[in-house]
Amino acid sequence: MPNYYFREVWTPLRLFGIRFYRDDQDRLWIKKGKKRRQLVRKGDSDTMET
C-alpha cells in the first residue's frame, strides 16, 4: 500500500465535518465525518500523456 502525504484544503464545509485534502501528487481527496478518505478526482498531470 502506498504512503501518501496529505495537506488539508480549508473550505466552509469543514464546519459540517466534510474535509478536503490534497496528496503529494496533487490529487483531491474527501473525508466525511469519521469515514475513510476517498479519491474525488485525479489531477491533470495523471490524465495527460506525453
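User: In which sense do strand S3 and strand S4 pair, and over how many bridges?

Analyst: Strands are DSSP runs (E, at least two residues), numbered from the N terminus, and two strands pair if DSSP finds at least two bridges between them. In this predicted model, S3 (residues 28–32) and S4 (residues 38–41) pair in the antiparallel sense over three bridges. Trp29 has Leu39 in S4 as its bridge partner. Their hairpin has five residues between the strands, and Gly33 takes a positive phi near 65° there. Local features need pLDDT of at least 70, side-chain atom pairs count only at pLDDT 80 or more, and totals for chains, interfaces and linings use all residues. Residues are numbered from 1 along each chain as its sequence is written, and side-chain values use heavy atoms, with hydrogens and water left out.

User: How many bridges join S2 to S3?

Analyst: Five bridges join these antiparallel strands, and Phe20 stands opposite Ile30 in S3. In the turn of the S2 and S3 hairpin, Asp26 has a positive phi of about 65°.

User: Is Arg27 buried or exposed?

Analyst: Buried means under 20% relative accessible area, exposed over 50%, and partly exposed in between (1.4 Å probe, protein chains only). Arg27, in the loop between S2 and S3, counts as buried because its relative accessibility is 10%.

Conventions. Helices (H or I, at least four residues) and strands (E, at least two) are DSSP runs, numbered from the N terminus.
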